Amino acid sequence: MPVTAISNMKDARICVVMVGLPARGKSFISQKILRYLSWLSINAKCFNVGNYRYKAGIISPKADFFDFSNPEGYNIREAAAKQAVEDMLKWYNEENGIVAVLDATNSTRQRREWILEVCKENDLLPMFIESFCDRPAVIETNVHDISTTSPDYEGTDTEVAKQDLYNRIACYKDAYQTLSTEHDNNLTFVKLVNIEEEVIINRIHSYLQSRIVFYVMNIRPKPRTIWLSRHGESIYNVEKKIGGDSLLSPRGLQYSKKLKELVDEHVGDAPLTVWTSTLRRTQQTAQHLEFKKLQWKALDELDAGVCDGMTYEEIEDVYPEDFKARDEDKYEYRYRGGESYRDVVIRLEPVIMELERQENVLIITHQAVLRCIYAYFMNVPQEESPWMSIPLHTLIKLEPRAYGTKVTRIKANIPAVSTYKEKGTSQVGESSGDKNKFHKLLVDAPELKE
């Protein structure tokens, strides 16, 4: 039976309302919440008011469009907010929504009171999350990021875009009313002051709200790089066996040496921490890396239970019903005496929480585990994540940004077997027509942010 990540779903119809001036990391936080909840099998969706402005044909407006004394701009922005809320309510009712994130400045008490009334009328639990920041260096970083990635500034000179965004911020400042326990004591809210400098938590009622609070307390909207690699080719890989605690093959040992060269070339002098599983093949792969190393039991490969050490052909022969059931629902299927992909996601949650607090990390682990981690960063649907191609002897570079995650794959050019098993066959190895299709889908057409 599937394991449900949240024990009481009836308290979970939550509307997360972002609050804050532009360039404070609201969209970054919104997308992180969305990915986290979706990764935990919670039906969540983000409604970005800026997207509704785009749909209305207002793209690349000048800063004075956001001046509260500009009636035309104000009316268009209010209409965009109302349309976003209407679509949000429709989503709750028609798609059994659990958590909606309303991503906008929501900078005035008048706007927030309207949202509160809508939530009350529709039996939703409102939860406000404000990102408050007055650190010039942090704001400058965010302004640069937005000015180079936002649809509003596509094709615009970076310096011109930066100045316009600063002007837009100035338009909001005059009307901005921050959340406080003095004026908003009746509200459920979290206020993040300068990222991690101070966190104010007020009136958290439900279990799911507390999970969201704990998560946002851990995320750090700052530039960093996450490096991912499977262990080098193992003896079990060559023998087409799954699981086990095999040592590396001769080519796997070559990769462990090459990995050091790749890391030295692409990471340079930047600080880096290396995380491995407790299994020997990941530790062998990391042996030449001269960085601090941590072992995580949670990074161990998916437990294949009674099938540990078997080939897929043997599993199909000995456990034909199980083999078929796993192909039909690979995410939910649990090996006899072992784990499912959903189980792996649940045990990886502490790893993800700690990973969000870190700067630059290299994770050397296993195919199923990397699929789950990659799915978290790329917001891959559950049913697709167990079928993604994560080849051996490849270093994956993830760069989380406000509007998406940039992916770069660096091949070591050391041959290795393919351990990929396509649906409907017990043979390993990717067909040329289907190879890596889910990864290609994500890189060629990444999800839009804001």
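The model is predicted, so local features need pLDDT of at least 70 and side-chain atom pairs count only at pLDDT 80 or more, while totals for chains, interfaces and linings use all residues. Residues are numbered from 1 along each chain as its sequence is written, and side-chain values use heavy atoms, with hydrogens and water left out.

**Helices α1 and α7**
- Helix α1 (residues 26–39) and helix α7 (residues 207–218) have axes that come within 11 Å and cross at roughly 125 degrees, the axes being lines fitted to C-alpha atoms over the stretch in contact, with angles from 0 to 180 degrees between N-to-C directions.
- In α1, the residues I29, K32, I33, Y36 and L37 meet L208, R211, I212, Y215 and V216 of α7, where contact means heavy atoms within 4.5 Å.

**Helix α12**
- D322, F323, R326 and D327 are buried in helix α12 (residues 320–328), where buried means under 20% relative accessible area, exposed over 50% and partly exposed in between (1.4 Å probe, protein chains only).
- These residues lie on the same side of α12 because they cover an arc of only 135 degrees around the axis, the arc being that of the directions from the helix axis to the C-beta atoms.
- E321, K324 and E328, on the other side of α12, are exposed.
- The cover over the buried residues of α12 includes α11 (312–318) and α13 (341–357).

**Residue F68**
- F68 sits in the loop between α2 (49–55) and α3 (71–94), and F68 is partly exposed, with a relative accessible area of 27%.
- Although F68 and D174 are 106 residues apart in sequence, their C-alpha atoms are 8.5 Å apart in space.

Conventions:
Helix = DSSP H or I, 4+ residues; strand = E, 2+ residues; numbered from the N terminus.
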